[in-house]
Amino acid sequence: MTLIRIFFCALILQSGFLSITFASQNEIDRTETNRKHKLIDGVVQRTVFLLENPREQLVEPTNSLEMGEVVSIQKQEGDWMYVASPEKAGWLKSDNVILRSRFSLTKTWAAPQHINVGDGDYEATYTFMKGGSFSLKETTLMGDNSYRLIKRKGKLFQFNNFLWAKVEGEPLDVIRIFLIGTKGKLCWKMYMDGRCSIQ
């Protein structure tokens with residue numbers, strides 16, 4: 001079956017035509033996560049415990065991922081994904097992860113217009129535009145104990161109540177993830193330690 005698909009894709013490329021096929025979301029996700037030489041990133045959409053072995057269902061209470069964390073998907077087997085964050089790794093059900101490709105460009109934005117995030121060594125001010133773009137001013141502590149102001153621009157991408165402030169050329173990063181509350185309030189993912197709520 002794989003050889004047939006490769007041959008079919010080769011015919012499409014040679015003919016110069018674009019072919020559109022329909023597949024289930026699970027098939028699309030599995031194809032994306034199994035691409036060789038390139039790991040796929042995703043966002044954890046609910047707090048979840050990681051398993052060492054999905055077949056044994058053994059949970060380590062301290063080995064969990066919080067909602068909004070960014071993970072790289074190492075591999076997928078059936079409905080399970082093996083994911084890794086900078087500090088943790090393990091198996092979880094694939095429906096706990098929003099693949100980067102699931103985020104859609106936001107073409108309209110109402111409120112808020114400005115949001116300040118950060119504390120101490122890092123501070124940032126986002127200015128959101130009505131068309132879904134944004135400008136960003138970041139102040140970061142450098143190695144010589146001086147602060148550097150960096151200006152950036154980007155576009156907003158959304159999946160349900162998750163907002164990704166995507167800077168062109170940057171990978172999916174937890175510092176660019178916001179959660180949208182029921183009243184439109186934005187919560188910076190890095191503040192998900194009790195300082196704000198999306199309920």
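This is a predicted model: local features need pLDDT of at least 70, side-chain atom pairs count only at pLDDT 80 or more; totals for chains, interfaces and linings use all residues.
Good morning. Residues are numbered from 1 along each chain as its sequence is written, and side-chain values use heavy atoms, with hydrogens and water left out.

Let me begin with strand S10, residues 122–128. Strands here are DSSP runs of E with at least two residues, numbered from the N terminus. One face of S10 is covered and carries Tyr122, Ala124, Tyr126 and Phe128. The uncovered face carries Glu123, Thr125 and Thr127.

On one side, S10 pairs with strand S9, residues 114–118, in an antiparallel arrangement with five bridges. Pairing requires that DSSP find at least two bridges between the strands. Within this pair, Val117 stands opposite Ala124. The two strands form a hairpin with three residues between them, and Gly120 in the turn has a positive phi of about 85°.

S10 also pairs with strand S11, residues 133–141, again antiparallel, over seven bridges. This hairpin has four residues between its strands, and Gly132 takes a positive phi near 95°.

Which residues of the largest nonpolar core touch the most other members? They are Tyr126, Phe128, Phe134, Phe178 and Leu186, out of 17 residues. S9, S10, S11, strand S13 (162–167), strand S14 (177–180) and strand S15 (186–188) each supply at least two residues of this core. The largest share, four residues, comes from S10. By nonpolar core I mean a set of buried Ala, Val, Leu, Ile, Met, Phe, Trp, Tyr and Cys residues joined through side-chain atoms within 4.5 Å. Buried denotes under 20% relative accessible area, exposed over 50%, and partly exposed the range in between, with a 1.4 Å probe and protein chains only. In soluble globular proteins, nonpolar side chains tend to be buried together.

Leaving aside neighbours within four places in sequence, Leu186 is in contact (heavy atoms within 4.5 Å) with Trp109, Pro112, Ile115, Phe128, Leu163, Phe178, Leu179 and Ile180.

Next, the charged residues. How many salt bridges does the structure hold? There are six, a salt bridge being a side-chain nitrogen of Lys or Arg within 4 Å of a carboxyl oxygen of Asp or Glu. In one of them, Arg152 meets Glu138 at 2.5 Å, N to O. This pair links distant parts of the chain, with Arg152 in strand S12 (residues 147–159) and Glu138 in S11, 14 residues apart. Glu138 is buried, at 3% relative accessibility, whereas Arg152 is partly exposed, with a relative accessible area of 27%.

Glu138 also forms a salt bridge with Arg176, the closest N and O atoms being 2.9 Å apart. Here the separation is 38 residues, from strand S11 to the loop between S13 and S14. Arg176 counts as buried, at 1% relative accessibility.

A further salt bridge joins Glu170 and Arg152 at 3.9 Å, N to O. Glu170 lies in the loop between S13 and S14, 18 residues from Arg152 in S12, and is partly exposed at 21% relative accessibility.

Gln76 lies in strand S4, residues 70–77. Is Gln76 buried or exposed? Gln76 is buried, with a relative accessible area of 10%. The side chain of Gln76 reaches the backbone oxygen of Gly78 at 3.2 Å.

Asn63 lies in strand S3, residues 59–65, and counts as buried at 17% relative accessibility. Not counting residues up to four places away in sequence, Asn63 touches Phe49, Leu50, Lys88 and Ala89. Asn63 and Glu52 are 11 residues apart in sequence, with their C-alpha atoms 9.5 Å apart in space.

Thank you for your attention.

Terms used. A polar contact is a pair of N or O atoms within 3.5 Å; within protein, one must be able to donate a hydrogen and the other to accept it, and residues adjacent in sequence count only if both atoms are side-chain atoms.
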